[in-house]
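Subject: Structure for you to look at

Hello,

I am handing over the structure we talked about, and my notes on it follow below. Please open it beside this message and look up each place as you read.

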Amino acid sequence: MAKVKGFLYGVCFVSSVALNFFFVTNSLFAGYENKQLSWSQRAAAEAEAVASVSCSGHGRAYLDGLIVEGKPVCECNTCYEGPDCSQFLPDCAANAESGDPLFLEPFWMQHAESSAVIVAGWHRMSYVFADHTSISQVLQNHIHKVHSIARNAITKGKYIVFGVGSTQLLSAAVFALSLKSSSLARVFASSPYYPVYKTQTDFFETVHFEFQGDASVMKNTSDSGGNVIEFVTSPNNPDGHLRKAVLPSANAIYDRAYYWPHFTAIPAPADEDIMIFTISKLTGHAGSRFGWALVKDKDVYLNMCEYLELAEMGVSRDTQLRALQLLKVVLEGDGSEIFHFAYEKMRDRWEKISQTVSFSKRFTIQEIPPQYCNFFEKIRGPSPAYVWLKCEREEDTNCNDVLGAANIIGRSGRLFNSEDRYVRLSLLKSDDDFNLLLYRLKELVTKENGTETMCC
């Protein structure tokens, strides 16, 4: 009997503690929620006021934009003008030149509340965080989680380096790898390759490294030894193909900017010694200038850190805060929403362009076969960031000029160390940009076929 009473007293005591804890914490959070906002009210009101400016759906007003007569000014999308961006310019060229990832803007408009950041004037004024580093540990943890959900990279056993976009990290990696030997590091990339590899390496060229051209050409020579660095873009910019290093003795820098489920099938998590990612191609926030590298070797990691500390004293704390908030939204629920949203949009754009070009004998585009995707757990079709278009007629030696005459602006194949018969067309821009590109391409193919309309 005594044991039963003791047990009942114990249950009552534990229940009492649990109930008290519940009421106290509930009271605290309720008080916080009902508390009158103070310093953030004005900032929130300003943000809401600017966000409410519609610009006819063909532009945006911004907090840091111009103010005229007390009102935010609309910044119009390409080919639109007027105070509210409602006037379409019918003769305007379809600009598909840049990789501006505005295709994700609708996703963030749907998540305006959860992605918003209000920053106090005294936020992170120090050069360093509390642990005396320039890297947010919380943001680093979120990066690990995003890769785990996307199933696109193995982060265990690797160091993380933050940079001002992936561009700076590419340069830091070349610098770090060049120090592995006292001899000149020769830098290569297989054509067609992202132009920045050459232009940036040439710009920062020192006695330690030098860009020497096409890795595919070097592979077939006997002079491929020594301190060699190879840029490998996978999936490749401009053609979207998954790639591997071609020089067996090279220290490879894997540019994985587009290795996300919305741009390519993920056959397996990447696990190279140096892998570079950027938030611009994950969330679309190119202007935030934030990227990260996953690095296996400690010495390479430390040399990259030294480069970045001397160049920038670390990535802006404000940038890291915004990146953290964006990744929090990405990780909401099961963490798959943004990947499904982005994949469906990119797949739809690719299918429309593919269908249009299929009516042409003058133009062809790259072929990307369906492949099993580790993220979707099924075979999926292509959804690349770019169209790599080729002019097939013998007389069309400069494809960029051919498209220019049809009011289409692309990026010449020559810039990618390829032929002028190729042009890269971006599928990443806004809905307005893509719709105009599709319209201009349909016009061009229709003229080729000598018909008034084209069934697409």
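**Strand pairing**

Strand S18 (residues 386-391) and strand S21 (residues 422-426) run antiparallel to each other and are paired over five bridges. Please keep in mind that this is a predicted model. Within this pair, Leu389 has Val423 of S21 standing opposite. Both strands belong to an open sheet of four strands, whose order is S15-S18-S21-S20 and whose pairing is antiparallel. Strand S15 (363-365) and strand S20 (411-412) stand at the edges with a single partner strand each, so one side of each has no neighbour in the sheet. As background, the strands of a sheet pair through backbone hydrogen bonds, and they may do this in either a parallel or an antiparallel way.

The parallel case can be found elsewhere in the model, where strand S9 (residues 185-189) and strand S10 (residues 209-214) pair in the parallel sense over five bridges. There, Phe188 has Gly213 in S10 as its bridge partner. Together with helix H7 (residues 196-203), S9 and S10 make a β-α-β unit, and this unit is right-handed.

**The largest pocket**

The largest pocket has a volume of about 2100 Å³, and 47 residues line it, with Ala51, Ala61, Tyr62, His285 and Arg322 lying nearest its centre. Sorted by class, the lining consists of 24 nonpolar, 12 polar and 11 charged residues. Several elements each supply at least two lining residues, among them helix H2 (40-51), helix H3 (105-110), helix H11 (317-330) and helix H14 (431-449). The largest share, six residues, comes from H2.

**Val117**

Which residues does Val117 touch, if those up to four places away in sequence are not counted? They are Leu321, Arg322 and Gln325, and Arg322 is also one of the residues that lie nearest the centre of the largest pocket. Val117 itself is found in the loop between helix H4 (112-115) and helix H5 (137-150). Although Val117 and Gln325 are 208 residues apart along the chain, their C-alpha atoms are separated by 7.2 Å.

With best wishes

Technical notes. Residues are numbered from 1 along each chain as its sequence is written. This is a predicted model: local features need pLDDT of at least 70, side-chain atom pairs count only at pLDDT 80 or more; totals for chains, interfaces and linings use all residues. Side-chain values use heavy atoms; hydrogens and water are left out. Contact means heavy atoms within 4.5 Å. On a 1 Å grid over the protein atoms alone, a cavity is a set of points where a 1.4 Å probe fits but cannot get out, and a pocket is an open set with protein on both sides within 12 Å along at least five of seven lines; lining residues have an atom within 4 Å of a point. Grid points are joined across faces, edges and corners, and a volume is the space filled by probe spheres set on the points. Ala, Val, Leu, Ile, Met, Phe, Trp, Tyr, Cys and Pro count as nonpolar, Asp, Glu, Lys and Arg as charged, and the others, Gly among them, as polar. Two strands pair if DSSP finds at least two bridges between them. A crossover is right-handed if, with the strands pointing away from the viewer, the path from the first strand over the helix to the second runs clockwise.
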